[in-house]
Each structure stands twice: as structure tokens, then as C-alpha cells.
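Here are my notes for when you open the model. Have a look at the coordinates first, then read on.

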Amino acid sequence: MTRSEEDSIAERIFHFIRENHLSAGDKLPTEKELAAMFNTSRVVIREGLQGLKFLGILESSTRGGTVIREVNFPLLSRSIQFQIAINRVDWNQLTDARLAIELGVLDSICGKLSEEQLNALRKTADCTRTGNTPEELQHAIQQDKHFHHLLFEYSGNPILLAYSQLLECFFDGKRLPGKVDESAAVTGDHLQILSALETGNLELARGTMRRHLNKYKLNS
């Protein structure tokens, strides 16, 4: 069976699930029944089912057969991260996508953070370095990463949190502002975003985030 044939039958099974309004926990027809329904062989059906299982859409039930799986957000996150890591994605387009998602996160948390959450963000906001030792650079990277991940986490939205894996490729130490004084500017942006979120100033939070992330664009 070719890859296109496998993708085609997986797509047809997926449309069957949607058209019949099946949801998590519902059982699919047997391979034999699906083969008759789609006028193909059980081998083709089995490969299509395996593809959907790989994507985390289906799983084999303990009682036999195949059922719709609950959304596995960690699996979705890893899939996004892997696809970005191994494919040639335009850096500026990736930055634009990150910006769009993070602006959405700000919309959901502005003025709604608890004091405990604000304190956690304050602890991770400082990415300032006084030198360029590997230890200082790694600490700054981890601080920056943690600050942005917390924004996603505090949205309380598991779908947004899944997309937070988009951040991982930004923290490899290669695309970050490299100069010591630039690290202080990153810290300043973090603190301004945090202050705007605390006071409910969404316009300021969004404007600062836009300026903050656009610094990572190439030839900007």
C-alpha cells in the first residue's frame, strides 16, 4: 500500500467519525464492517486505523475493537514540537505564529492573575546577564523560557498549552539576543508585560509583547 492510499483511507475513516458525531469512548465498526463500507480490504483499513492511532485519535479498547480516544494534549504538544524541529520552517513565519498565539494568551489572562501567579512570573522575569559565560547564558535562557511557559500555563486552556511547544525552538541559545545589554532589555519587556497584566492594561501588554517578539525576527 502506498502512503497516499493509507492517508486516503485514514481520511475517510476520520470523515466517518465526524459525520456520525462519534466522540471519545465511542466504538468504531469492526475492520470487516469498515472494509465493506469503504469497498476495500481489511489490510487497507488496518493501516488507516494504525495511522489514526499514531495521531492519538484512536486506541484499541481492552474489550477488543477500536474506540475514539480522549484528547492527549501532551502527545499533541510533542507532535507539534517534533514537526517544527525536523522541518524547514521559515523563521519569521514561525515568529509571527508565536506572536499570534501569545497575544491570544494575554487576552485570556489579563487582569485575571492571582497574586501567587504574579509572584511566580516576577521570579522568572529577570533574564539579565552580567557576562557571557555558558552558565549565565543557560540561566538566562531558562528564565526566559519559564516566563513565557507560565503565561500559557496560567491561561488554563489545554489547547493553548499544547501549542506552547512552539516556544521550544526559540530557546536553543542561537536566536536569543546575544549581547549582555540586550538581555536587560528582555527583562524590561517581561516586567512591563507583567505590570500591564496585573493592572488589566491589555493594550500595553499586547504592544509590549509585539515589540518583544519582533526583536527575534531576522533582518528586522
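1. A cut-off to start with: a residue counts as buried when its relative accessible area is under 20%. Keep in mind that this is a predicted model.

2. With that in hand, is R98 buried or exposed? Its relative accessible area is 2%, which is under the 20% limit, so R98 is buried. The residue sits in helix α5, which covers residues 91–109.

3. What surrounds R98? Leaving aside residues up to four places away in sequence, R98 touches H148, L166, L167, F170, F171, L213 and Y216. One of these gets a polar contact too: the side chains of R98 and H148 pair up at 3.5 Å.

4. Next, the α2/α3 pair. Helix α2 (residues 31–38) and helix α3 (residues 42–54) have axes that come within 9 Å and cross at roughly 105 degrees. Angles of 65 to 115 degrees count as roughly perpendicular, and α2 and α3 are therefore roughly perpendicular to each other. By class, their contact has five nonpolar, four charged and no polar residues. On the α2 side you'll find E31, K32, L34, A35 and F38, meeting R42, I45, R46 and L49 of α3.

5. Now the whole chain. It has 10 helices and two strands, in the order α-α-α-β-β-α-α-α-α-α-α-α from the N terminus. The radius of gyration is 22 Å, whereas a compact globule of 220 residues would be near 17 Å. Along the principal axes, the C-alpha atoms fill a box of roughly 65 × 35 × 30 Å.

6. Of the 220 residues, 37% are buried. Among contacts with a separation of 6 or more, 67% join residues 24 or more positions apart.

Methods: Residues are numbered from 1 along each chain as its sequence is written. This is a predicted model: local features need pLDDT of at least 70, side-chain atom pairs count only at pLDDT 80 or more; totals for chains, interfaces and linings use all residues. Side-chain values use heavy atoms; hydrogens and water are left out. Helices (H or I, at least four residues) and strands (E, at least two) are DSSP runs, numbered from the N terminus. Buried means under 20% relative accessible area, exposed over 50%, partly exposed in between (1.4 Å probe, protein chains only). A polar contact is a pair of N or O atoms within 3.5 Å; within protein, one must be able to donate a hydrogen and the other to accept it, and residues adjacent in sequence count only if both atoms are side-chain atoms. Contact means heavy atoms within 4.5 Å. Axes are lines fitted to C-alpha atoms, for helices over the stretch in contact, and angles run from 0 to 180 degrees between N-to-C directions. Angles under 35 degrees count as roughly parallel, over 145 as roughly antiparallel, 65 to 115 as roughly perpendicular and the rest as oblique. Ala, Val, Leu, Ile, Met, Phe, Trp, Tyr, Cys and Pro count as nonpolar, Asp, Glu, Lys and Arg as charged, and the others, Gly among them, as polar. The radius of gyration is taken over C-alpha atoms; the globule rule is 2.2 Å times the number of residues to the power 0.38.
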